[in-house]
Amino acid sequence: MPSVEAVRRLEAVTDTALARLSLEELLSELLLRVRSILGADTAAVLLLNGGELVPRVAKGLEEEVEAGVRIPLGRGFAGRVAAERRPIFIDDVDHADVMNPILRQKGIRSLLGVPILFEGKVIGVLHVGTLKRRLFDRHDAQLLQIVADRIGLGIEYARLYREAQETSRLKDEFLATVSHELRTPLTPILAWVSQLRRRTLDPARTARALEVIDRSARAQARLVDDLLEVSRMIGGKFHLDVRPMRLASAIEAAIEAMRPAASARNIRVETRLDPRIDLIQGDPDRLQQVMWNLLSNAIKFTPEGGRVDVVLERVDSHFELTVRDTGKGIRSEFLPYLFERFRQADASVTRALGGLGLGLAIARHLVELHGGTIEAESAGEGK
Ligand SMILES: Nc1ncnc2c1ncn2[C@@H]1O[C@H](COP(=O)(O)OP(=O)(O)O)[C@@H](O)[C@H]1O
Ligand SMILES: [Mg+2]
């Protein structure tokens, strides 16, 4: 039985270790220590990944990690520890349900495994083994559980740290994009204002100047509106004005608004709207905005002479709106992030084309407020 002193030493080590070691190093360190304190021959950590336990770090059992063993939840020794969320003792591997062939190959006789939990959820399994037959007891299990709890914390810290870094990187990138996007419309505004000041423009040029200033200021206002809208959405202060409406009208209005942009680049917009879809309950302005966001992307990311199809059809008890373009496509690694705010597949490309990376995040939020879902498909970049 390990002494109280041994447990305390272990806790002290893990406390300081959490702060300065990488996750891999921490796991290694903990496994070596727990193996020696418990006088075991092997120690291993398996982590849950998509319903299967995958060996992550092992001592005296390195083959397990290298072999890429996968253990389904509920099956074999480790699978049962995770599914039943309790310590499992195996006195003799030869007479037990052990799935992993490597445990037998290594000649392991006795095993003790405990679940690794974080916030009440199983995230993995920690086990130790001996080559000679040994009856692990309750105290061994308690000690192993202390280590497993530390491992749970370590894994969670590591994950939070990675996420925080990624968020901070996205924010930096976003700040650069916002500055650039807000600056862009200012250039023509300032240039034309200084021309107007000189009072040398003829009426036609004056009209043209005012038109450019107006268009640029509106473009900038829309950017600011998007930014304000996203912060309202984050704050949960965002409400729909739901009433009976014609979906087709909202779609057509958005298409009309985008028509000049489409024809300027010689892009054909084809529509097929099922006439049987009549009145629905929704917020017409917001649904038009969703359509506008999808369509503006389709046009933005499609080269000259391309084509955009807009289809509205009934599927079972709901309806489906599809916007498809013949443009550059989306690489599969980016698809999962498409609807996240600040996300753009390629900052340099979108820098040239404009946009804050908020359109699809707003679209998803609006669709979900209406009780719908939104998804994207692409055969990949360049397809
Ligand atoms: N139709 C599309 N074709 C290719 N890529 C797209 C399309 N729609 C969106 N994307 C990608 O998703 C990103 C996010 O879109 P969005 O949220 O509307 O932001 P923005 O248009 O401001 O860049 C775009 O920057 C682009 O990389
Ligand atoms: Mg967009």
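Two strands are taken to pair if DSSP finds at least two bridges between them. In this predicted model, strand β2 (residues 52-59) and β3 meet that criterion, pairing in the antiparallel sense over two bridges. Within this pair, leucine 53 stands opposite isoleucine 71 of β3. Both strands belong to an open sheet of six strands, ordered β3-β2-β1-β6-β5-β4, in which the pairing is antiparallel. The edges of the sheet are formed by β3 (71-72) and β4 (88-90), each of which pairs on one side only. In general, the strands of a sheet pair through backbone hydrogen bonds, in either a parallel or an antiparallel manner.

Oxygen atoms of the ligand take part in several polar approaches. A polar side-chain atom of glutamine 344 lies 2.7 Å from an oxygen atom of ligand 1, and a backbone N or O atom of glycine 357 is likewise placed 2.7 Å from an oxygen atom of the ligand. For leucine 360, a polar backbone atom is found 2.8 Å from an oxygen atom of ligand 1. Of the 530 Å² of accessible area that ligand 1 has on its own, the protein covers 93%.

Most residues other than glycine have a negative phi. Asparagine 266, although not a glycine, has a positive phi of about 60°. This asparagine 266 is located in the loop between α9 (247-264) and β8 (268-273) and is exposed, with a relative accessible area of 53%. Phenylalanine 342, also not a glycine, has a positive phi of about 70°. The loop between β11 (318-325) and α11 (347-353) holds phenylalanine 342, which is buried at a relative accessible area of 14%.

A further position examined is glutamine 145, which lies in helix α6 (residues 138-183). Because its relative accessibility is 18%, and buried means under 20%, glutamine 145 counts as buried. When neighbours within four places in sequence are left aside, glutamine 145 is in contact with Val114 and Pro115.

Methods
Residues numbered from 1 in each chain as written. Chains lettered and ligands numbered in written order. Predicted model: local features only at pLDDT ≥ 70, side-chain atom pairs only at ≥ 80, totals over all residues. Heavy atoms only, no water. Helix = DSSP H or I, 4+ residues; strand = E, 2+ residues; numbered from the N terminus. Buried < 20%, exposed > 50% of the residue type's maximum accessible area, 1.4 Å probe, protein only. Contact = heavy atoms within 4.5 Å. Polar contact = N/O pair within 3.5 Å; in protein donor to acceptor, adjacent residues only side chain to side chain. Areas by Shrake-Rupley, 256 points an atom, 1.4 Å probe, with all protein chains shown as cover.
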